[in-house]
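My notes follow the model.

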Amino acid sequence: MTAPEKELRFTRARQAVVFWLAGLLLVLVTTGVVVLSSWQIQQPPPLWLALFPGGLAAGAFWLAWRMTRHAYLLLSPVGVEIFPLWKPIDHFQLLTWGSIAAADFSEDGRWLTFTLAGYEDAKVILTLEPIPRPACALLGKAITGVMEKRAAASTGQS
């Protein structure tokens with residue numbers, strides 16, 4: 001990409017909130033186990049039990065950070081890049097603007113469907129649940145703008 005300032009990046013930030021909260025809850029559980037094991041009660045829980053929620057908290061925080069930081073959708077002058085959560089470099093999908101015949105948003109704003117040009121029933125359907133609602137509105141405006149610009153260019157040349 002020669003002009004990274006011309007791309008729009010959409011992350012899974014809305015989905016990450018659940019994992020930030022889960023990590024916080026697991027840190028509280030870990031703290032509770034550590035506190036209980038240090039009290040002078042008849043049968044305190046062993047301290048090593050704090051490793052389980054502590055490890056799960058670390059995993060939840062790592063996953064939340066990854067969802068917040070890394071792209072889910074990337075709109076660039078080339079097209080739409082779709083990045084899966086696991087192994088995004090190996091499994092990403094690029095839909096060039098020339099290969100997209102239509103882009104439709106569902107009425108409830110939860111789904112984005114790309115109809116591919118040159119194929120009768122070829123579609124790519126994406127969920128918009130991981131993307132924050134304000135960013136979904138921006139995504140809709142950006143895709144609609146590009147599709148309208150492409151439609152105007154194709155009718156102007158014919």
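The entries below go from the whole chain to single residues.

**Ground rules**

I am working with a predicted model, where local features need pLDDT of at least 70, side-chain atom pairs count only at pLDDT 80 or more, and totals for chains, interfaces and linings use all residues. I number residues from 1 along each chain as its sequence is written, and side-chain values use heavy atoms, with hydrogens and water left out.

**Whole chain**

I looked up the elements first. The protein chain has four helices and seven strands. I take both as DSSP runs numbered from the N terminus: helices are H or I with at least four residues, strands are E with at least two. Along the sequence I read β-α-α-β-β-α-β-β-β-β-α.

Next I checked the dimensions. The C-alpha atoms fill a box of roughly 85 × 35 × 30 Å along the principal axes. The radius of gyration is 22 Å, while a compact globule of 158 residues would have one near 15 Å. That radius is taken over C-alpha atoms, and the globule rule is 2.2 Å times the number of residues to the power 0.38.

Then I turned to surface and burial. The accessible surface of the chain comes to about 10,200 Å², and carbon and sulfur atoms hold 64% of it. The areas come from the Shrake-Rupley method with a 1.4 Å probe; for residues, only the protein chains shown count as cover. Of the 158 residues, 32% count as buried. I use buried for under 20% relative accessible area, exposed for over 50%, and partly exposed in between (1.4 Å probe, protein chains only).

I also looked at contacts, meaning heavy atoms within 4.5 Å. Among contacts between residues at least 6 apart in sequence, 50% join residues at least 24 apart.

**The sheet of four strands**

I traced an open sheet in the order β1-β2-β3-β4, with antiparallel pairing. β1 (8-11) and β4 (93-96) stand at the edges with a single partner strand each, so one side of each has no neighbour in the sheet. The twist averages 15 degrees from one strand to the next. Here axes are lines fitted to C-alpha atoms (for helices, over the stretch in contact), and angles run from 0 to 180 degrees between N-to-C directions.

I count two strands as paired if DSSP finds at least two bridges between them. Strand β2 (residues 71-75) joins β3 through three bridges, running antiparallel. Leu-75 has Val-80 in β3 as its bridge partner. β2 and β3 form a hairpin with three residues between them. Strand β3 (residues 79-82) is joined to β4 by four bridges, again antiparallel. There I noted Glu-81, whose bridge partner in β4 is Leu-94.

**Helices α1 and α2**

I checked the length of α1 (residues 13-38). Its 26 residues reach 38 Å from first C-alpha to last, close to the 38 Å expected at 1.5 Å a residue. The expected span is 1.5 Å times one less than the number of residues. For α2, the 19 residues should span 27 Å, and the end C-alpha atoms are 27 Å apart, which agrees.

Which residues of α1 are buried? I found Ala-16, Gly-23, Thr-30, Val-33 and Ser-37. What covers them includes α2 (51-69). In α2, the buried residues are Pro-53, Ala-57, Ala-60, Leu-63, Ala-64, Arg-66 and Met-67. Their cover includes β1, α1 and α3 (88-91).

**Trp-48**

I found Trp-48 in the loop between α1 and α2. Is Trp-48 buried or exposed? Its relative accessibility is 52%, so Trp-48 counts as exposed. I also took its separation from Glu-148: 100 residues in sequence and 60 Å in space, C-alpha to C-alpha.

**The sheet of three strands**

I then followed an open sheet with the order β5-β6-β7 and antiparallel pairing. β5 (100-105) and β7 (123-127) are the edge strands, each pairing on one side only. Neighbouring strands are turned by 15 degrees against each other on average, direction ignored. β5 and strand β6 (residues 111-116) pair over five bridges in the antiparallel sense. Ile-100 has Leu-116 in β6 as its bridge partner.

**Gly-109**

I placed Gly-109 in the loop between β5 and β6. What does Gly-109 touch, not counting residues up to four places away in sequence? I found Leu-128 and Arg-133.
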